[in-house]
Amino acid sequence: MQFPNLIKGNLTKRYKRFLADIILEDGQEITAHVPNSGAMTSCIEENCPVWVSFHDNPKRKLKYTLELTKMGEHLICTNTGVANKIAIEAIENGTIKELQGYTSLKPEQKYGQNSRIDILLENENKKCYVEIKSVSLKLEDSLAFPDAVTTRGTKHLNELRDMVKEGHRAVMLYIIQRTDKANFRIANEIDKKYYEAFKEVTKEGVEVLVYQSNINHQEINIDNKVEMN
């Protein structure tokens, strides 16, 4: 996936979850939209380098969107909406080999308890429900999810299990949106209920896939599979 032209700056502060004050390289002070509802632990800090996109849309209150941050030597895509886009690209181009062999790919399909599945894959004989989560948290030597308590995420796990019980395939796909190379795990110290639900549903047939992103200032693409601790 190609990024729009990105503009470099430095973070002043993030607040109210969806707002960030940034000083651009030309000295301009802006407020950018932060498309990330999580805690963003380990992927943002005061004065860290950031990259924003500009959108000249009269309907938008904020013209800038936070896209990338840099912590140490590693780039992080903090826009969680990107995960679904690059997952679809990776399925369509064959990068995610485990999700091949389907004739139809439909995003955002209604299912479960008033929910929408991120991707529904279908062929004549089978349905595969794919839930996608963006991963940006690093805990010591591991990459992890979630970075905050997520009752919605736990609900999604249980709904995937329900699809398995109905005879369908269900896949939990974690997309790592940072360039650190490390194994992946569920952050039980952050959300015990999510961790317990994850253990239960995977025992009952929900599959788990974890894939790393390759990120630069021009594009982000799913690269390689990551092992899970």
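Predicted model: local features only at pLDDT ≥ 70, side-chain atom pairs only at ≥ 80, totals over all residues.

Colleague: What volume does the largest pocket have?

Modeller: About 730 Å³. A pocket here is an open set of points on a 1 Å grid over the protein atoms alone, where a 1.4 Å probe fits, with protein on both sides within 12 Å along at least five of seven lines; lining residues have an atom within 4 Å of a point.

Colleague: Which residues are closest to its centre?

Modeller: Of 31 lining residues, those are Ser-37, Thr-80, Lys-133, Phe-145 and Arg-152.

Colleague: And which element gives the most to the lining?

Modeller: β9, with five residues. Strands are DSSP runs of E, at least two residues, and helices are runs of H or I, at least four.

Colleague: Switching topic. In what order do the strands of the open sheet with β10 run?

Modeller: β10-β11-β13, with mixed pairing. Two strands pair if DSSP finds at least two bridges between them. β10 and β11 are antiparallel, over three bridges. Leu-137 has Ala-144 of β11 as its bridge partner.

Colleague: Why do β10 and β13 each have a side without a neighbour?

Modeller: Both stand at the edges with a single partner strand, so one side of each is left without a neighbour in the sheet.

Colleague: Now the salt bridges. How many does the structure hold?

Modeller: Eleven. The cut-off is a side-chain nitrogen of Lys or Arg within 4 Å of a carboxyl oxygen of Asp or Glu. One of them joins Asp-180 and Lys-138, at 3.4 Å, N to O. That pair is 42 residues apart, with Asp-180 in the loop between β12 and β13 and Lys-138 in β10.

Colleague: Is Asp-180 buried or exposed?

Modeller: Buried, at 2% relative accessibility. Lys-138 is partly exposed at 28%. Buried means under 20% relative accessible area, exposed over 50%, partly exposed in between, with a 1.4 Å probe and protein chains only.

Colleague: What about Glu-207 and Arg-169?

Modeller: Their side chains meet at 2.8 Å, N to O. Glu-207 lies in β14 and Arg-169 in β12, 38 residues apart. Arg-169 is buried at 12%, whereas Glu-207 is partly exposed at 30%.

Definitions and conventions: Residues numbered from 1 in each chain as written. Heavy atoms only, no water. Points joined across faces, edges and corners; volume = space filled by probe spheres on them.
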